[in-house]
Amino acid sequence: MFDNQQTFLVTFTEKLAAAWNANNSLLCVGLDPDIARLPPEFRAQPDAIYAFCKAVADATAHAACAFKPQIAYFAALRAEDQLEALCAYLRSAYPHIPIVLDAKRGDIGATAEQYAREAYERYGADAVTVSPYMGYDSVAPYLEWTDRGIIILCRTSNPGGSDLQFLKVDGEPLYKHVARMVAEKWNRNGQCGLVVGATFPDELAEVRRIVGDMPLLVPGIGAQGGDIEATVKAGRNAAGSGMMINSSRAILYASPDLQAGEDFAAASRRVAIETRDAINAFR
Ligand SMILES: O=c1ccn([C@@H]2O[C@H](COP(=O)(O)O)[C@@H](O)[C@H]2O)c(=O)[nH]1
């Protein structure tokens, strides 16, 4: 995989930086296929999940800096084979756009080794989301994959995230400890990132202050109602970049807002472009 200058791109962060530039986009397109919400033409197909996600990816790739399949939507339908096929397709059709597997894994080291193989080898993901709460030895197996990304939950977008992430430790909320620990100790390959919700722009700004230019995966715009202007102003790095701002349902299921004659893929494309442009307006 080469960038515009024909430099070979080796790592997740190199690939992400190239995608930010090539597509002038901080938009991460989330692939969360809910069978009940698929357009009718897909529902009878044996590979409905794959076909739907492929169509959305094809419609939005030019406006995306990353794709984020959420593994639960595939596993719940016994459709891991379709996730595998989708990741293989994305890697071949869009080798310049990183795949972030949203799996939020977290377990003891021996089991984490298997989760890392699942994400990086089976699915060929460029990065995977993990929980920090079992500590360093639970993330170390991912760090053995020195070219791949590991994106650690820090300040999640859901209201209940405050139950633990806001607990004070040494006078400071836990999420800030996570941010500092990842930036100062765990990021030994320079391939770590953090999940910080768009629904909490003040905390997003705090995390940015702590971690410098580290990539942030920022879910919570679109269906969860996060404010794009506040998100971008709080989370951008010195270069006006540094984020994968995720939107899943608002792009995947844009078709209820159909403009006259528009099909589901055109609706996804329209919303992806509108979202990318709304983000870019505040970079
Ligand atoms: O804090 C978090 C971490 C992950 N997510 C995931 O992002 C998408 C959001 O989907 P929307 O439809 O855009 O709300 C989904 O896959 C979540 O599992 C998150 O929302 N918050």
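In the predicted model, lysine 68 and aspartate 102 are both buried. These two residues form a salt bridge in which the closest N and O atoms are 2.7 Å apart. Because lysine 68 belongs to strand β2 (residues 66–69) and aspartate 102 to strand β3 (residues 100–105), the contact ties together parts that are 34 residues apart in sequence. In total, a search of the whole structure identifies 15 salt bridges.

A second example links two helices. Lysine 176 forms a salt bridge with glutamate 206, with a separation of 2.8 Å between the closest N and O atoms. This pair connects distant parts of the chain, with lysine 176 located in helix α9 (residues 174–186) and glutamate 206, 30 residues apart from it, in helix α10 (residues 201–211). Lysine 176 has a relative accessible area of 16% and is therefore classed as buried, the limit being under 20%. Glutamate 206, at 24% relative accessibility, counts as partly exposed.

A further salt bridge is found within a single helix. Glutamate 121 pairs with arginine 117, the closest N and O atoms lying 3.1 Å apart. Both residues are part of helix α6 (residues 109–122), and because they are four residues apart, about one helical turn separates glutamate 121 from arginine 117. Glutamate 121 is partly exposed, at 47% relative accessibility. Arginine 117 is likewise partly exposed, with a relative accessible area of 42%.

How values were computed
Residues are numbered from 1 along each chain as its sequence is written. This is a predicted model: local features need pLDDT of at least 70, side-chain atom pairs count only at pLDDT 80 or more; totals for chains, interfaces and linings use all residues. Side-chain values use heavy atoms; hydrogens and water are left out. A salt bridge is a side-chain nitrogen of Lys or Arg within 4 Å of a carboxyl oxygen of Asp or Glu. Buried means under 20% relative accessible area, exposed over 50%, partly exposed in between (1.4 Å probe, protein chains only).
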